[in-house]
Amino acid sequence: MIRKVIGIYYSPAGGTKMLTETLARKIGAILDDCSPLDVSVECHDMLSDQGSDIVFGDETVAVIGMPVYVGKIPLPAAAALRSLAGNGAMTMTVVSYGGRKYGNALFELKRLAEESGFKAIGAGAFMISYMARRGSSRGASPVIDVDAISDFGKAASEKIKRLAGCEIEELRIKPMPVEVSGRMPVHKISRISPKAAAIAQGVFNKMSVLRRRSEWFL
Ligand SMILES: Cc1cc2nc3c(=O)[nH]c(=O)nc-3n(C[C@H](O)[C@H](O)[C@H](O)COP(=O)(O)O)c2cc1C
């Protein structure tokens with residue numbers, strides 16, 4: 001039985017934090033409503049808290065959120081994820097992106113989570129826009145699509161309930177693998193030089209046409 005939802009995110013500009021917290025809270029609230037025991041929600045920032053002392057297991061669901069940088073997961077975020085031990089905990093992996101394309105990032109995040117011992121049972125990509133802060137020349141506030149995140153949270157919770165409903169491991173329903181298309185990206189380009197990375201980003205942007213603001217797979 002699920003007792004805890006743990007949100008964990010890497011979010012330099014704050015958008016992925018909002019996405020991850022919103023989704024973790026939505027899933028936590030739905031599971032809490034239908035569980036005889038309390039289901040708690042906690043969230044961790046991978047930038048400040050490497051997460052190595054967070055314990056994942058049978059009774060936890062992890063919501064792992066990362067931003068898309070040039071169609072990939074940022075290298076420090078991937079390194080932080082590698083330091084976690086999933087211990088077979090179910091996870092929903094989500095990426096936030098800024099309206100171009102998310103490239104291989106969702107595939108990469110799901111694969112990295114699986115390599116760290118999580119059972120990926122859902123994945124989603126959500127566009128985040130940024131509104132200039134009133135009266136301030138610094139930064140911008142992220143704006144998330146709460147309805148789209150909420151829809152995913154509801155569908156994800158139903159899947160979690162089906163998969164976690166039985167106490168006996170051997171009798172539990174085995175989920176179909178979640179299909180996210182893509183391939184593991186090469187990260188070398190961002191290490192060559194800032195100029196080369198900027199050119200690659202420019203080419204990527206020209207090729208990128210946004211078709212949907214969000215999409216998810218369960
Ligand atoms: C270096 C860099 C590269 C980015 N590359 C992409 C991209 O390839 N596609 C896209 O749609 N958005 C891209 N973005 C936008 C971010 O994915 C988006 O703003 C994201 O929500 C940032 O997350 P955060 O607010 O948690 O930092 C990029 C942003 C930065 C800073």
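How far is an oxygen atom of the ligand from an N or O atom in the side chain of T16? The distance is 2.5 Å, which falls under the heading of a polar contact, defined here as a pair of N or O atoms within 3.5 Å.

Before I continue, a word on the source. This is a predicted model, in which local features need pLDDT of at least 70 and side-chain atom pairs count only at pLDDT 80 or more, while totals for chains, interfaces and linings use all residues. Residues are numbered from 1 along each chain as its sequence is written, and side-chain values use heavy atoms, with hydrogens and water left out.

A polar side-chain atom of Y130 lies 2.6 Å from a ligand oxygen, and a polar backbone atom of R100 is 2.9 Å from an oxygen atom of the ligand. Taken alone, the ligand exposes 650 Å², of which the protein buries 81% (areas by the Shrake-Rupley method with a 1.4 Å probe).

Next, the surroundings. The shell around the ligand holds 20 residues, and S11, G15, T16, V68 and Y130 come nearest (a residue is near if one of its heavy atoms lies within 4 Å). By type, the shell divides into nine nonpolar, nine polar and two charged residues, with Gly counted as polar and Tyr as nonpolar.

Finally, the chain as a whole. It contains six helices and eight strands (DSSP runs of at least four residues, H or I, and at least two, E, respectively). Of its 218 residues, 45% count as buried, that is, under 20% relative accessible area with a 1.4 Å probe, protein chains only.

Definitions and conventions
Polar contact = N/O pair within 3.5 Å; in protein donor to acceptor, adjacent residues only side chain to side chain. Buried < 20%, exposed > 50% of the residue type's maximum accessible area, 1.4 Å probe, protein only.
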